[in-house]
Number of protein chains: 2
Amino acid sequence: MEKVSIEEMVSIDEQLAYLKKGLADLIQEDDLRERLIQAGKSGRQLRVKAGFDPTAPDLHLGHTVLLRKMKHFQDLGHRVIFLIGDNTGLIGDPTGRNTTRPPMTREEIDRNAETYKTQVFKILDPAKTEVRFNSEWLEPLRFADIIRLCSKYTVAQIMERDDFTKRHKEGIPISMHELLYPLAQGYDSVMLECDVEMGGTDQRFNLLVGRELQRDAGQAPQIVATVPLLEGTDGVDKMSKSKGNYIGITEPPKVIFRKVMGISDTLMWRYWELLTDKSIAEIAAMKTEDPMPVKMRLARQIVADFHSPAAADQAQADFDREVREGREPDDIETVTVPPEAGTSLPKILVAASLVDSRTDAERKIKAGAVEIDGVKHTEFSLSVTRPMVVRVGKKWKRIVP
Amino acid sequence: MEKVSIEEMVSIDEQLAYLKKGLADLIQEDDLRERLIQAGKSGRQLRVKAGFDPTAPDLHLGHTVLLRKMKHFQDLGHRVIFLIGDNTGLIGDPTGRNTTRPPMTREEIDRNAETYKTQVFKILDPAKTEVRFNSEWLEPLRFADIIRLCSKYTVAQIMERDDFTKRHKEGIPISMHELLYPLAQGYDSVMLECDVEMGGTDQRFNLLVGRELQRDAGQAPQIVATVPLLEGTDGVDKMSKSKGNYIGITEPPKVIFRKVMGISDTLMWRYWELLTDKSIAEIAAMKTEDPMPVKMRLARQIVADFHSPAAADQAQADFDREVREGREPDDIETVTVPPEAGTSLPKILVAASLVDSRTDAERKIKAGAVEIDGVKHTEFSLSVTRPMVVRVGKKWKRIVP
């Protein structure tokens, strides 16, 4: 993990520039400046909240954009509240239509919270982090309290939320309970007396509700800061597991390293901005260098963040040996995956003439004889979302979508 | 109070006709017929709910239309649930803008409930009435329960309510908490396992919500029966205290009698239909008679309902003596109230030349020397909504709006 010395950037302008880097929205910058000044004078830590689902976490780099921005507040001495929205998790799918979303038990939620901690404390400083659950104040609410909470907002105000407006126009049903979530989230900010709330750009509306409810409760309205959605390794869609364009933070060093090396030079600058603590000026300076070593530094940095500097060394050595030092033939053939192969790895291997038959392919996959980008792959499915190097025994092919 | 003998109308058709008299809506008649048949066979009482505000009751005849319809179910052996919506009363005006609606205390609500009983048991049979408070099941609801409740309805469904649609179109704000009330009311029906819910026509939507929530809870959806709004003594606007066109059920016999005698012949038939147990056939038969004695029977009937047959006798005797037997001069002069007098009784008396000055008027009002329609009037305000006979000492005038 990179270390940032607060002593090096005492000026408010420098603090602001550090916090603003990569943000999508900041409401309001002047207000943040004022609170940073006040915090500097009084020594009071700002309280910076972000909310997370209570479902089993399996974070990828897309999620770390927000966590890293929370870390930036910690770097400047402030306090982060990692809020787990457990109350809604206990409900499951309230419509009862989605049986894949049964209510979670207290034990499951607590277990997930522990998993969260092991993952997010790779970025956040535990000493400056409060892990809270919103059931703490939502559970004791009574009907009368909820009526009072709801009375602070009009239907028109809630329906202004982009996705509600869109669904309303398109006649896609909006269930009444969905309208309560933004209010509950705003109430969280009142109860936690937040100075700042952060989230993805899709959370912008919900974060603004917190401002209104805090104002109503006589608190200074929180500053709202949103981070952009991170593009996946394909550089096109937002990073997500289902798209197969993700880099999971618990993936092996070798895999993370290879995946980072596979992104485009253009996307690399975006990753430097959103996935590291480097300043805009430092990133600008790197743009004058040869991109390949810069990308390798990025890959090392990311592996070091989620594993260790030693693991980064090893991942780089593996990469050099396997990919750059000729283990992968220079005259490697490129094969386009035929559409009918879909995500069936046996079919892909047959199409690429790396195996004799699908049976042969399945046997070799099971036996661990198939490597994708230098990593053993033992599953029968593979999403080819970018160029990948496939090895089966001594045969090598580059496959492209 | 009139007595209705159930033995006299055993047939389902007769029962239905009795219950349907005067209803604005009945959803669904077939369903009611079926339940009446089943109730007859099994001896099970139908559960018939109507909800009331927990505010201080001061009922007028407009409110009794609903109570009388509840009584009709009791006449047929069924059980009435007089539901007091105390949970919302405990909230007051949740927006905090209306300071005239502070939260009520438990003591106030209980005191109001007692007042309700003394008033409504003039019509309802206490032995077949349950008085319930919805705090019984709303108070224990948790946030998660309310989310679940709300998930049963979509925003579009709730916004279909006439007044919501209208306000939405006109850009008049609808507060979020208002959307919760119909759901809470529907939930009351689930908890009470209602067979029938009744209310004014303005309650139609809320009563229908109960059907949906009951269906969702695996209950047979309640039958919805609405009663029309009763026109006030002016025959134009709906009866209300603020319009001054009301007949309060706790008013003195003499006042009730006079006010009924002051309504139009047309309105009288409406009152027979909505304020008595007389059947459509009986009312039709009366239409062949001279209207004045029929109106007098109506006045007697209403006084007897809310006071006693003896009080009705006395009220009629007073009326005969004071109005019909010449205490009021035959050549009484009619004076139109000038607009600038408004509701100021002193100004009206000056305009009618019944006093020398406003000071004179105020002194005489305080001294109890002013009678309106034969009843002493000691307040300085008077809404002249219909012709009234005013006496100050030996001077008589008929004043008209």
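This is a predicted model: local features need pLDDT of at least 70, side-chain atom pairs count only at pLDDT 80 or more; totals for chains, interfaces and linings use all residues.
**How confident is the model?**
- Chain A has an average pLDDT of 88, with 94% of the residues scoring at least 70.
- Within chain A, strand β6 (residues 223-227) has the highest confidence, at 97, while helix α4 (residues 86-89) has the lowest, at a mean of 78.
- Residues 1-5 of chain A stay under 50 in pLDDT, and the model has 18 contacts for them beyond four places in sequence.

**Where chain B meets chain A**
- The contact involves 31 residues of chain B and 31 residues of chain A.
- Together the two chains bury about 3000 Å², and 75% of that is on carbon and sulfur atoms.
- B:F143, B:V155 and B:M176 supply 27% of the area chain B buries against chain A, which is more than any other three residues.
- Two salt bridges cross the interface of chain B and chain A; B:R142 and A:E139 meet in a salt bridge through their side chains, at 3.8 Å from N to O.
- Between chain B and chain A there are also six residue pairs in polar contact, both residues at pLDDT 80 or more.
- On chain B, helices α7 (143-150), α8 (155-159) and α10 (176-192) each supply at least two residues of the side that touches chain A.
- Of these, α10(B) gives the most to that side, with seven residues.
- Sorted by class, the side of chain B that touches chain A has 21 nonpolar, six polar and four charged residues.

**Salt bridges inside chain A**
- Over all chains, the count comes to 72 salt bridges.
- One of them joins the side chains of A:K49 and A:E197, at 3.1 Å from N to O.
- A:K49 sits in strand β2 (residues 47-52) and A:E197 in strand β5 (residues 196-200), so this pair ties together parts of chain A that are 148 residues apart in sequence.
- A:K49 is buried, with a relative accessible area of 1%, and A:E197 is buried with a relative accessible area of 1%.
- Back to the opening pair: A:D75 and A:K71 are four residues apart in helix α3 (residues 61-75) of chain A, so about one helical turn separates them.
- A:K71 also forms a salt bridge with A:D277, with the closest N and O atoms 2.6 Å apart.
- A:K71 is in helix α3 and A:D277 is in the loop between α13 (265-275) and α14 (280-286) of chain A, so the pair links parts 206 residues apart in sequence.
- A:K71 counts as buried at 4% relative accessibility, and A:D277 is buried with a relative accessible area of 6%.
- Salt bridges with shared partners also join A:R47, A:R79, A:E130, A:R132 and A:E136 into one network.

**Other buried spots**
- A:K259, found in helix α12 (residues 253-261) of chain A, is buried, with a relative accessible area of 10%.
- Leaving out residues up to four places away in sequence, A:K259 touches A:T233, A:Y246, A:I247, A:E251 and A:R386.
- In helix α13 (residues 265-275) of chain B, the buried residues include B:L267, B:W269 and B:W272.
- What covers the buried residues of α13(B) includes α3 (61-75), α14 (280-286) and α15 (291-306) of chain B.

Note on methods
Residues are numbered from 1 along each chain as its sequence is written. Chains are lettered from A and ligands numbered from 1 in the order in which they are written. Side-chain values use heavy atoms; hydrogens and water are left out. Contact means heavy atoms within 4.5 Å. Buried area is the accessible area (1.4 Å probe) that two parts lose on being put together, summed over both. A salt bridge is a side-chain nitrogen of Lys or Arg within 4 Å of a carboxyl oxygen of Asp or Glu. A polar contact is a pair of N or O atoms within 3.5 Å; within protein, one must be able to donate a hydrogen and the other to accept it, and residues adjacent in sequence count only if both atoms are side-chain atoms. Ala, Val, Leu, Ile, Met, Phe, Trp, Tyr, Cys and Pro count as nonpolar, Asp, Glu, Lys and Arg as charged, and the others, Gly among them, as polar. Buried means under 20% relative accessible area, exposed over 50%, partly exposed in between (1.4 Å probe, protein chains only). pLDDT is the predictor's confidence in each residue, from 0 to 100.
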